[in-house]
Structure formats: C-alpha cells, structure tokens
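Q: Can you walk me through this one? Start with whatever you like and I will follow up.

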Amino acid sequence: MSTAPTPPSSHQQPGPGSPTGPFPPPPPHPPRRGWFARQSESVRITIVGAVIAGVFSLGSAVLTAALTDRGDEPADAKASGQPSPTATTGTPAPTTTAPEPPSRVSSDAPSSPPQESGGSEGSGESSADESAPPADQAYEVSYDKQTMSLGLPPGSDLGTIDFDAPGTHRYTDDEWAALEEKADSGSPVEADLTYRQSFYGILTLQNGRNAAQLQPTDPSEKAEDCARAARVGGFTEAKMHEWDLPAKTVFCVVTDKGNIARVVITGFIGGDSGATGEPPTQIGLRVTLWKPRA
C-alpha cells in the first residue's frame, strides 16, 4: 500500500535558529485622540463653560430682537446705533425735567374768589334776590332802633309793615288780592311782612325779600353781620299761635329795596300762650335800617 505525499504547507517554516511556531500577531494600534481629548481636564472645563455662556448670550440676543420687532422693547433697552453720552464724552449727560402738565396749578397761584352764597353755579347771579347787595357792602344808618308794632286784624283782613318807609298798613282781603295781582304784572307790593288769620296768626315774609331768624343770645348789631345772615336766609313764615318766637328774637331782613333791617321782637300784646288759637294781637318791634353806602 502506497502513501500519498503530504502537500506542502502554506505557512513558512521557521528558518534555522528561529523559535518553533508562527510569528505572533502585531499589537493593536491605540485609538486616535482628537484635539479636545488631548487637552488637560482644566482646559476642557474652561472650554465647556465658554460654550454654555455663549449659548445663553445668543438666546438673550434672539429674545431681545423678537421683543423689539413686536414693539415691546424692555424699559432699559437703548436705541440701536445710538451711543451712550457717557461712553462718547466720558461725562454723564445732563438730566432734563419734563414741563409740568397744564392741568396742574402751582400752589402759589392766586385762587379764584369764592362765589356769593345763594348764587347760581357758574353764573355769579343771585337766584334768591337780585336786589340784595353783597355781604361786604358798606352801609350807613337810615334810622336806628325805631319802635314799631304789627297788629293782627280780625276776620280776613291783614296787617302789613314796610321797613323801607317805615310804616304799617291794614288791608282788606280784596285790597290785598288786587295788590298781589299788580305784583304779578311787575309792580311789587311794598310790605315786607304780613300778619293775618285770627286763629293761627301767620307772620309771613313777602316775595322778593330774604330773612334769617337769629337766636337772641348771639346776634351781632353790625350791619355787615346782619346783611351776611340775611343773605343766607332761612325764615319764610311762623304761626304765632304756637308762641315759639320768644321776646328778643332777632330777624335780619334784606328788603325789596336792597336795605338791611335788623328787627327785634320786644314783646306781645293780647292773645293767650296757654290756649289753642289765641295768637298775640300785636307784636312789638324795634327796628334799625341800613342803606348801602353809595
């Protein structure tokens, strides 16, 4: 039996003097390191920090640009292209004060004079009595502490008193109605006060006058004070059967002629303060009249 020859080996046989066996494979090459990896740890941290800061700066710039496009520029943003005065000159720019709005008035400006009491707003005209003089008008005495008496006639008659004359008068109901009819056509009655109705004893201030009732403890006797009180007014009529006007009650009256009358009740005659429907039949008065000084 024949044996086939052994095929030649593909591996080189070691030469003489070489160790037995094949050559070992070459060692693997170390991986290539980039530029960033070759840097030290401190350098890499610095580079990462710079990149993060740059990202935030870019985001802030984009946000500012977006707000500027919408017109919502931040309050501290400056106009692009305009350098700061401090940066160009080295000194802070002078501050300017905006002019005060016209609606604000300085406290040193003179105030408007106050309007008269009783005047219509914005017109400066008196709505109560156009013939009444201003309260600060100068006056002179026409008569001083004149004694007068206003009586209560029976029935439908009435008693009247005119402080400008001065004088009193008694009218029947028909005569008084005729005078009131003339007053409607522009001829006012002369009487300032009337006293009528035997049951109630109604004391009435006539139209075109202004009067104030003052307490007997504190009224002034000066014309200016009486005129001021009269212009304030408040009195129109009183029912004397109630006996609520005691002696020494003071009235300040602006008459239809623009004069100032200070009227003091000095006492009563007749009537019965303890009975219903018994007013005084006579009212005693003391009157001082001032006229505006020309």
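**Sheet, salt bridges and disulfide**

A: Valine 264 has arginine 286 of β10 standing opposite. This is a predicted model, in which local features need pLDDT of at least 70, side-chain atom pairs count only at pLDDT 80 or more, and totals for chains, interfaces and linings use all residues. Residues are numbered from 1 along each chain as its sequence is written, and side-chain values use heavy atoms, with hydrogens and water left out.

Q: Which strands pair there, and over how many bridges?
A: Strand β9 (residues 260-269) and strand β10 (residues 282-292) pair in the antiparallel sense over 9 bridges. Two strands pair if DSSP finds at least two bridges between them. Strands (E, at least two residues) and helices (H or I, at least four) are DSSP runs, numbered from the N terminus.

Q: What order do the strands of the open sheet take?
A: The order is β1-β10-β9-β8-β6, 5 strands with antiparallel pairing. β1 (139-151) and β6 (210-214) are the edge strands, each pairing on one side only. From one strand to the next, the twist averages 20°.

Q: Which helix packs on the sheet, and what does that helix touch?
A: Helix α5 (residues 223-232) does, touching β1, β6, β8 (250-254), β9 and β10. Contact means heavy atoms within 4.5 Å. The direction of α5 makes about 110° with that of β6. Axes are lines fitted to C-alpha atoms, for helices over the stretch in contact, and angles run from 0 to 180 degrees between N-to-C directions.

Q: Disulfides next. Which cysteines are joined?
A: The structure holds 1 disulfide, joining cysteine 226 to cysteine 252 with S to S at 2.1 Å. The cut-off for a disulfide is a pair of cysteine sulfur atoms within 2.5 Å. The angle about the S-S bond is -115°, a left-handed link.

Q: Where do cysteine 226 and cysteine 252 lie?
A: Cysteine 226 is in helix α5 and cysteine 252 in strand β8, so the pair ties together parts 26 residues apart in sequence. Both cysteine 226 and cysteine 252 are buried. Buried means under 20% relative accessible area, exposed over 50%, partly exposed in between (1.4 Å probe, protein chains only).

Q: And how many salt bridges?
A: A search of the whole structure finds 7. A salt bridge is a side-chain nitrogen of Lys or Arg within 4 Å of a carboxyl oxygen of Asp or Glu.

Q: Which of them sits within α5?
A: Aspartate 225 and arginine 228 form one at 3.3 Å, N to O. They are 3 residues apart in helix α5, so about one helical turn separates them. Aspartate 225 is partly exposed at 30% relative accessibility, and arginine 228 is partly exposed at 42%.

Q: What about arginine 209, buried or exposed?
A: At 6% relative accessibility, arginine 209 counts as buried. Its side chain meets that of aspartate 256 in a salt bridge of 3.3 Å, N to O. Arginine 209 is in the loop between β5 (202-205) and β6, and aspartate 256 in the loop between β8 and β9, 47 residues apart.

Q: What else does the arginine 209 side chain reach?
A: The backbone oxygen of valine 189, at 2.9 Å. The side chain of arginine 209 also makes a polar contact with that of aspartate 192 at 2.8 Å. A polar contact is a pair of N or O atoms within 3.5 Å; within protein, one must be able to donate a hydrogen and the other to accept it, and residues adjacent in sequence count only if both atoms are side-chain atoms.
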